[in-house]
Amino acid sequence: MAFLFHKFQEAVKTLAKSPTFARDPRQLQFDADINRLFLYTSYNLLGKNAEEADAEEIIEMADKASVEVQQMQVQENVHSQIKSFSTSMDKILLRNEKGVNDPLESSRQENALPHCDRHSFSLGSKDPPTDNLAVPRQRSLSLVEVSKRLKDQVGYQLNVKPSQISHKDAGQGLFLDGAVDVGAVVAFYPGVVYSPAYHQYIPGYLDEQNPYLVTRHDGNVIDAQPWGSGGDEQELWSGRKMVVNKPDMEGSQVDNTDNFLERRNPLALAHFANHPAKGMLPNVMICPYNFPLTESSMRVYIPNVLFGNAEVNTKAFGNFWFKSGVPRNCESHVPTLKTVVLVATRALQDEELFLNYRLSNFKQLPEWYNPVDEEY
């Protein structure tokens, strides 16, 4: 497996210099990122029993396939991982309705929320649904407990603690406790998603005073500040308390009509990842992920809401065609929520996560900021 990964690393460096990407610098960066993400996430999809022929096929595709095709495959690769994560979270949080004893749960049942479907709340509704017979019940676990159980299932968890960077402004950092392979989705970037039309409403955006913002290539900005560090004890997050509407914000609001989000998402901590100090390299990278809103059973675990009017963005979201037997032309247009996740750029184990901030557009770069060689 190490031999195959070396081939992928060499392919990443070679393709990044290809004249195919020699266009507008901004587009160049995006194309190069998609190329890397295609290689990394496809490598992860192959698994530990991959054969060299499979790796060669992916590398050839990365060299010849269009950016659009690679981007579609990245979406599929990431979606597959997030679907697996959602399944793991369901196993952790949904109570066993078949009478199997859960020692930890038995001591908590008296304090549990009413028997209700975590997907069926509506904004403005004070009461849970009355149909209590056919809906799942949740375990009353804290965020820490959920995180520990997730580690048992997937092999890692995330911790926020003082950064290893020695600079006085380093503050808190994001640490991986456990191990993941290259191409793994390690964290979600939570918070409110602002389309370019609503940038003026982002707190601290115009004066560069909000350190919890991330910008996608398409201009959508995510503000993680309202999310904080998540929540405990079955706290459901509707987004209503995140933004205080003002009289001059006509039609502006958090567009989250009937979704409550699970605040006990142990991976919704990407906003705590630091930029690497001088002499360090990033070990994760930003990956734009368009979550298909048709996946209602997974929606509770996507820690984002859209700010603004209900202006639905539609994007082609192809079927899982890579090594799946599904034709690539079987595409459908579905509404999506434009989010961001962090993807590992190498195998990681028990270490701090570092992300290239790319602060080139700042009026004055912070003292702690050191440019990163984009070849890596």
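Student: Which residues does Val186 touch, not counting residues up to four places away in sequence?
Tutor: Keep in mind that this is a predicted model. Val186 belongs to the largest nonpolar core, and along with Leu158 and Val341 it touches the most other members. Skipping sequence neighbours up to four places away, the residues touched by Val186 are Tyr156, Leu158, Val180, Leu267, Val284, Leu342, Ala344 and Leu353.

Student: Is Ile202 buried or exposed?
Tutor: Ile202 sits in the loop between S4 and S5. Its contacts beyond four places in sequence are Tyr194, Leu213 and Val221. The cut-off for buried is under 20% relative accessible area. Ile202 has 4% relative accessibility, so it counts as buried.

Student: How many Å apart in space are Ile202 and Asp223, C-alpha to C-alpha?
Tutor: In sequence, Ile202 and Asp223 are 21 residues apart. Going C-alpha to C-alpha in space, the value is 7.5 Å.

Student: And His199, is that buried or exposed?
Tutor: His199 lies in the loop between strand S4 (191-194) and strand S5 (213-215). Leaving out neighbours within four places in sequence, His199 is in contact with Tyr194, Tyr205, Gly219 and Val221. Its relative accessibility is 16%, so His199 counts as buried.

Student: Okay, helices now. Are H2 and H3 roughly parallel or roughly antiparallel to each other?
Tutor: Take the axes of H2 (residues 25-46) and H3 (residues 52-64): they come within 10 Å and cross at roughly 160 degrees. Angles over 145 count as roughly antiparallel. The crossing is right-handed. H2 and H3 are therefore roughly antiparallel.

Student: How many nonpolar residues does the contact of H2 with H3 have?
Tutor: From H2 you get Asn35, Phe38, Leu39, Ser42, Tyr43 and Leu46, which meet Asp54, Ala55, Ile58, Ile59, Met61 and Ala62 in H3. Sorted by class, that contact has one charged residue, two polar ones, and the nonpolar count is nine.

Student: Zooming out, what share of the contacts with a separation of 6 or more comes from residues 24 or more positions apart?
Tutor: The protein chain has six helices and 14 strands. Of its 376 residues, 49% count as buried. For contacts with a separation of 6 or more, the share from residues 24 or more positions apart is 77%.

Key. Residues numbered from 1 in each chain as written. Predicted model: local features only at pLDDT ≥ 70, side-chain atom pairs only at ≥ 80, totals over all residues. Heavy atoms only, no water. Core = buried A, V, L, I, M, F, W, Y, C linked by side-chain atoms within 4.5 Å. Buried < 20%, exposed > 50% of the residue type's maximum accessible area, 1.4 Å probe, protein only. Contact = heavy atoms within 4.5 Å. Axes fitted to C-alpha atoms, helices over the stretch in contact; angles between N-to-C directions. Helix = DSSP H or I, 4+ residues; strand = E, 2+ residues; numbered from the N terminus. Parallel < 35°, antiparallel > 145°, perpendicular 65-115°, else oblique. Left-handed = near helix turned anticlockwise from the far one by under 90°. Nonpolar A, V, L, I, M, F, W, Y, C, P; charged D, E, K, R; others polar.
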